[in-house]
Amino acid sequence: MMITSKGRAREWHLARRPQGQVSADDFALVETEISELRPGQVLVRNTHLSVDPYMRGRMDDRPFYIPPFPLRAPLEGGAIGVVVESRADDVKPGQVVEHFLGLREATVIDAAGVVPIDTDDLPAETYLGVLGATGLTAWLGITRMASVRSGDTVFVTGAAGAVGSIAGQIARLRGAKQVIGSAGSSAKVRHLVDDLGFDTAFDHHDGATGEHLAQAAPDGIDVVFDNVGGAQLEAAIDHLRVGARLALCGMASQYDGREPHGLRNLYQLVTKRVTARGFLVTDHQDQMPAFRAEVGSWVRSGEIVHRQTAVNGIERMPEALLGLLRSGAPTIGKAVVRLQEQA
Ligand code: NAP
């Protein structure tokens with residue numbers, strides 16, 4: 001299907017709010033007419049859509065840091081696409097751009113809402129992963145929240161995911177003495193050690209996290225970069241050293257309609273004089289240039305390895321998203337929906 005402003009395109013809607021765990025039936029793929037461009041607007045044909053765990057929070061109708069997804073309206077999220085028509089002077093057809101009106105094949109958007117990206121030496125989808133919001137999140141947590149320094153022992157939960165895989169590598173490049181990662185399958189554990197250079201990794205389904213940490217870091221942990229919360233965070237707190245730093249990035253184990261896991265050992269944050277910092281990447285967009293300068297050079301030199309797990313075709317968006325909301329799914333690195341080239 002050729003995408004033009006006279007054409008039609010498919011977009012994902014939230015058909016109903018999930019009851020408990022999200023299912024593919026909570027979404028609807030809807031075909032709609034592409035609207036005419038007004039002056040200052042561009043039509044973008046999306047090539048790559050980002051799916052991210054925080055989207056689960058937007059499916060519920062309750063206070064969150066970003067408004068809930070409305071029902072029966074196009075969903076949004078990070079996306080990369082190509083401008084196919086333009087009524088804006090400064091954006092030309094053919095330009096590759098990033099924007100936030102994802103989870104659809106095409107979008108008409110004000111030119112101010114797109115950011116041109118340079119795809120000369122890196123694939124476009126890099127800007128959804130290692131050089132996009134997930135990479136920035138990893139960099140902020142390691143460098144700004146936990147201030148990893150030379151000699152630190154660092155533990156990253158959800159370490160084979162989009163954020164965790166980059167966080168662990170940045171910690172090593174910033175001088176960590178030891179980087180430990182947890183993940184939800186033996187394939188992910190092998191990837192962490194063999195491909196990403198983690199010193200130690202373990203499958204958190206395979207025995208107690210506390211026992212793995214006691215074995216890997218008998219003298220304790222200086223920094224935790226936490227992506228999953230729950231039992232793994234509780235075990236990590238037991239193994240913190242005095243003066244440890246905790247970067248609280250996310251709690252993926254708690255998102256999908258599950259009973260929250262209460263932490264029973266928070267008093268240790270007092271006795272160990274721990275600095276725990278929650279943070280949101282959206283508050284730190286001004287750091288993008290500094291982040292891209294440092295991490296971009298590591299990506300180009302090959303010192304940072306970055307993976308993506310892509311599904312092909314907009315129809316498969318729910319499968320890609322659901323894979324992030326349970327442990328042990330095959331997704332490694334950044335989860336992306338790749339849209340087929342339209343003939
Ligand atoms: P991701 O790690 O690629 O995917 C989520 C992973 O969480 C899954 O692959 C799974 O890993 C783990 N998980 C899911 N359900 C779980 C459960 N019930 N128990 C244990 N583990 C479970 O996702 P990401 O995009 O990189 O995001 C990682 C975290 O960072 C998320 O919590 C996300 O919300 C957060 N985040 C925060 C910010 C911010 O600004 N603070 C920005 C971006 C992302 P295993 O299969 O290995 O167990």
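Visitor: How many residues of domain 1 are in contact with domain 2?
Guide: 17 residues of domain 1 touch 16 residues of domain 2. Keep in mind that this is a predicted model.

Visitor: Where do the two domains run?
Guide: The assignment gives domain 1 as 8-125 + 308-338. Domain 2 is 133-282.

Visitor: And what separates their centres?
Guide: 29 Å, taken over C-alpha atoms.

Visitor: Back to the interface. How much area do the domains bury between them?
Guide: Domain 1 and domain 2 bury about 1,300 Å² between them. Carbon and sulfur atoms carry 56% of that area.

Visitor: How many salt bridges cross it?
Guide: The rule finds 1 salt bridge across the interface of domain 1 and domain 2.

Visitor: Which residues form a salt bridge here, and how far apart are the closest N and O atoms?
Guide: Arg56 pairs with Asp256. Their closest N and O atoms are 2.6 Å apart.

Visitor: What about polar contacts between the domains?
Guide: There are 8 residue pairs in polar contact between domain 1 and domain 2, counting pairs with both residues at pLDDT 80 or more.

Visitor: What classes of residue does domain 1 put on that side?
Guide: The side of domain 1 touching domain 2 has 7 nonpolar residues, 6 polar and 4 charged.

Visitor: Switching to the ligand. Which residues come nearest?
Guide: Lys188, Tyr255, Val281, Ser327 and Gly328, out of 27 residues around the ligand.

Visitor: Which domains does the shell draw on?
Guide: The shell around the ligand takes at least three residues from each of domain 1 and domain 2.

Visitor: How does the shell divide by class?
Guide: Into 14 nonpolar, 10 polar and 3 charged residues.

Visitor: What about Asn227?
Guide: A polar backbone atom of Asn227 is 2.8 Å from an oxygen atom of the ligand.

Visitor: How much of the ligand does the protein bury?
Guide: The protein buries 92% of the 900 Å² that the ligand exposes when taken alone.

Note on methods
Residues are numbered from 1 along each chain as its sequence is written. This is a predicted model: local features need pLDDT of at least 70, side-chain atom pairs count only at pLDDT 80 or more; totals for chains, interfaces and linings use all residues. Side-chain values use heavy atoms; hydrogens and water are left out. Domain bounds come from an automatic or database domain assignment. Contact means heavy atoms within 4.5 Å. Buried area is the accessible area (1.4 Å probe) that two parts lose on being put together, summed over both. A salt bridge is a side-chain nitrogen of Lys or Arg within 4 Å of a carboxyl oxygen of Asp or Glu. A polar contact is a pair of N or O atoms within 3.5 Å; within protein, one must be able to donate a hydrogen and the other to accept it, and residues adjacent in sequence count only if both atoms are side-chain atoms. Ala, Val, Leu, Ile, Met, Phe, Trp, Tyr, Cys and Pro count as nonpolar, Asp, Glu, Lys and Arg as charged, and the others, Gly among them, as polar. A residue is near a molecule or strand if one of its heavy atoms lies within 4 Å of it. Accessible areas come from the Shrake-Rupley method with a 1.4 Å probe; for residues, only the protein chains shown count as cover.
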